[in-house]
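Work through the exercises below with the sequence and the coordinates at hand. Each task is followed by a stepwise solution.

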Amino acid sequence: MSKTAIIIGAGPAGLTAALELLRHTDIKPIVLEKTSDIGGISKTVNYKGNRIDIGGHRFFSKSDVIMNYWQDLFELAKAPENVAKNEKWDLDEDEVFIERDRLSRIYYLRKFFDYPVSLNSNTIKNLGLIRIAKIGFSYMWSKVFPIRNEKSLEDFFINRFGKVLYRTFFKDYTEKVWGKSCTELSAEWGAQRIKGLSVTKVILHYIKSLFKSKNVDIKQKDKETSLIDRFLYPKLGPGQLWEFVAEQIRNNGGEIYMRSEFSGLEINSDNTFSVEYIHEGRTESVSGDIVFSTTSVKNLVNATKDVPENVKQIANGLLHRNFITVGLLLKKLSIENKTKIQTINNLVPDNWIYMQESDVKMGRIQIFNNWSPFMVKDESNVWVGLEYFCDPDDEMWRTPDEEFIEMAKVELEKVGIISQNDILDATIIKMEDTYPVYFGAYEQFDIVREYLDKFENLYLIGRSGMHRYNNSDHSMLTAITAVHNIIDGRKDKSNIWEVNTEKDYHEEKSKD
Ligand SMILES: Cc1cc2nc3c(=O)[nH]c(=O)nc-3n(C[C@H](O)[C@H](O)[C@H](O)COP(=O)(O)OP(=O)(O)OC[C@H]3O[C@@H](n4cnc5c(N)ncnc54)[C@H](O)[C@@H]3O)c2cc1C
C-alpha cells in the first residue's frame with residue numbers, strides 16, 4: 001500500500017513538496033490549509049478586480065532548479081516594442097510570465113534616490129554638497145578607524161558604509177522592518193543578510209549598468225540579489241502560479257483540505273503520525289507516514305504531544321514580525337515620472353519605493369501597475385500597496401481597520417505622494433508570521449531543531465516552518481530537498497538546513 005504524507009500549509013513550500021511527491025514518488029500528499037486561500041504569504045488578493053501581492057514577489061533565483069521549475073510551469077510572454085511599463089498588451093492564454101525591469105528607489109527628504117544609492121548628479125543635487133562631503137568623510141573615517149569589535153547591526157553598517165550614509169539611507173527603513181534600534185540588532189544578522197553588499201559593489205554595479213545591454217540573461221548569476229535588474233512575474237501576481245500548482249496537485253491525485261487548521265500531532269511508536277485539524281469547528285483526524293510542516297515552529301511544537309518543557313519554552317520565544325498592506329486605488333499620484341522610463345499617464349516607474357522618511361510609520365510603497373499592468377482593472381488608475389511592519393502585540397496590529405486605512409492615507413499625503421481628493425477606494429490586508437526574527441529565543445533555536453529533527457519522518461520546511469528568512473525559492477528548495485531525501489533514503493536532514501546558508505543561495509541583500 002502506498003504511503004501518505006500530511007503537509008501542513010498550502011504556501012510555496014507545502015505545495016512544492018506535494019507536487020514533487022506526485023512527480024517522483026507514489027506517496028499521496030494531503031495538504032492542510034487553515035485559510036481559504038492558496039499561496040500563503042505568496043498569495044495574491046483580488047480586491048474588486050485589482051490585485052494585491054503581499055510584499056511584491058520577484059520571481060528570481062540563483063538556483064537553476066528553481067528558475068527551470070517556474071519556467072516549466074508558465075510560458076514567458078514577450079512584450080511588444082515600445083509598450084510602456086504600466087501598459088497592458090494582448091497576451092496568449094498560455095503566456096503567464098512577464099519579464100520585469102526592476103526599479104526601486106528610496107524616498108527621503110521628499111525626494112527620490114536611486115537604490116542602490118549611486119553617486120550621480122541626482123544624488124548630489126538632492127543631498128547637497130555639504131551632506132555629500134560629510135558622507136565621503138565619514139566613509140573614509142570608517143575605513144581608517146573601523147569599529148574593532150562589531151557587536152550591533154549599527155556597527156556593521158558603519159564599518160561598511162560610514163556613519164552618515166548609514167543614517168541617511170539604512171537606519172530608518174531597517175528599524176521600521178524589525179521594530180528595534182539597529183544598536184539592538186546583532187552584527188551577525190548583517191553578516192548573514194547583507195554580506196555581499198558593499199560600497200565597492202554598488203559602484204561597480206552602477207558603472208556596469210551604464211554599459212549594460214538589454215539582452216542579458218535573466219539568471220544574472222554574477223549579481224547580488226538586491227542588485228538584479230530583471231525578474232519574472234506572473235501577470236496576475238504570485239498567487240496565480242501557486243493556484244496553478246494547487247490545480248496540478250488535485251489533478252494528479254493529491255488532496256488539499258481548505259479551512260483545515262492543523263491542531264495536533266502525535267507520533268506513534270511505529271513512526272507514523274496521527275494529525276488533528278479543525279474544520280468548521282470540528283476536530284478531525286488523519287493519519288500519515290510522513291509529515292511536512294510549514295506552520296511556525298512555535299505552532300508545531302505547541303500542537304505536538306509530549307514535547308519537553310525546555311523545547312516548548314524556546315519555541316514559544318521564537319518571534320515573528322507581522323505585515324499590514326493598505327491597498328489604495330487612486331486617480332493619480334501627486335509626483336511625476338521624471339525618469340527616461342516610458343509610462344502611461346506619467347506614472348513613476350518604480351516597482352516599489354523604500355520610505356526612509358522618519359515622520360511616517362510606512363515602510364514601503366508597492367506600485368502594482370508596474371509589477372504587472374494586468375493586476376489593475378483599469379490601467380488609467382494607480383493601484384498602490386502601503387506596507388507596515390509590526391509586532392503582534394503592537395498598537396498598530398490592534399488598530400481597527402478603518403482607522404488604520406485613514407492613518408495610511410494621511411501619511412501618504414503628508415509625504416507629498418498623493419492628494420486625498422484622488423483616492424477612489426481602499427482596503428487592508430493583515431498577515432501574521434511574515435518575518436521570522438533572529439533575536440530573543442532564536443539564539444537557542446538549535447535545541448528545538450535537534451529535538452524535532454529526531455523524528456525520522458517529520459520534515460520542517462519553508463520560511464516560518466524553519467524559522468528562517470527564506471525567500472520563495474529557498475522555501476521551495478527546502479521542500480524539494482526533503483522529498484529527495486525520502487527518495488534517496490537519506491535520514492540526515494542537514495542538507496535541508498543548508499539551503500540559504502550556502503554562498504550561492506545567500507540572499508546577500510539589505511532590503512526585501
Ligand atoms: C514582504 C515580503 C516580501 C517578499 N518578497 C519576496 C520576493 O520578492 N521573492 C521571493 O521569492 N520571496 C519573497 N518573500 C518570501 C516568500 O513570501 C516566502 O518565502 C514564502 O511564501 C514562504 O513559503 P512557505 O510555504 O514556507 O510559507 P507561507 O507562505 O507562510 O505559507 C504557509 C501556509 O501555511 C498555512 N498555515 C500556517 N499554520 C497553519 C496551520 N496550523 N494549519 C494549516 N495551515 C497553516 C498558512 O495559512 C499558509 O498558507 C517575501 C515575503 C514577504 C513577507
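**Exercise 1.** Are α2 and α16 roughly parallel or roughly perpendicular to each other?

*Solution.* The model is a predicted one.
- Step 1: take the two helices, α2 (residues 64-73) and α16 (residues 472-488); their axes come within 10 Å.
- Step 2: read the crossing angle, which is roughly 95°.
- Step 3: angles of 65 to 115 degrees count as roughly perpendicular, and α2 and α16 are therefore roughly perpendicular to each other.
- Step 4: list the residues in contact. From α2 these are Val-65, Ile-66 and Tyr-69, and from α16 they are Asp-473, Met-476, Leu-477 and Ile-480.
- Step 5: sort this contact by class, which gives six nonpolar residues, no polar ones and one charged residue.

**Exercise 2.** State the domain assignment of the protein chain and the separation of domain 1 and domain 3.

*Solution.* 
- Step 1: the assignment gives domain 1 as 4-38 + 239-318 + 438-498, domain 2 as 58-102 + 320-436, and domain 3 as 114-210.
- Step 2: between the C-alpha centres of domain 1 and domain 3 the distance is 38 Å.

**Exercise 3.** Examine the positive phi values of Asn-271 and Asn-500. Is Asn-271 buried or exposed, and is Asn-500 buried or exposed?

*Solution.* 
- Step 1: Asn-271 is not a glycine, yet its phi is positive, at about 70°. Asn-271 sits in the loop between β11 (260-267) and β12 (273-279).
- Step 2: count neighbours. Asn-271 has 12 C-beta neighbours inside 10 Å, so Asn-271 counts as exposed.
- Step 3: Asn-500, also a residue other than glycine, has a positive phi near 70°. Asn-500 is placed in the segment after α17 (494-498).
- Step 4: Asn-500 has 21 C-beta neighbours inside 10 Å and therefore counts as buried.

Technical notes. Residues are numbered from 1 along each chain as its sequence is written. This is a predicted model: local features need pLDDT of at least 70, side-chain atom pairs count only at pLDDT 80 or more; totals for chains, interfaces and linings use all residues. Axes are lines fitted to C-alpha atoms, for helices over the stretch in contact, and angles run from 0 to 180 degrees between N-to-C directions. Helices (H or I, at least four residues) and strands (E, at least two) are DSSP runs, numbered from the N terminus. Angles under 35 degrees count as roughly parallel, over 145 as roughly antiparallel, 65 to 115 as roughly perpendicular and the rest as oblique. Two residues are in contact if their C-beta atoms, placed from the backbone, lie within 7 Å. Ala, Val, Leu, Ile, Met, Phe, Trp, Tyr, Cys and Pro count as nonpolar, Asp, Glu, Lys and Arg as charged, and the others, Gly among them, as polar. Domain bounds come from an automatic or database domain assignment. A residue is buried if 20 or more other C-beta atoms lie within 10 Å of its own, exposed if 12 or fewer, and partly exposed in between; C-beta atoms are placed from the backbone.
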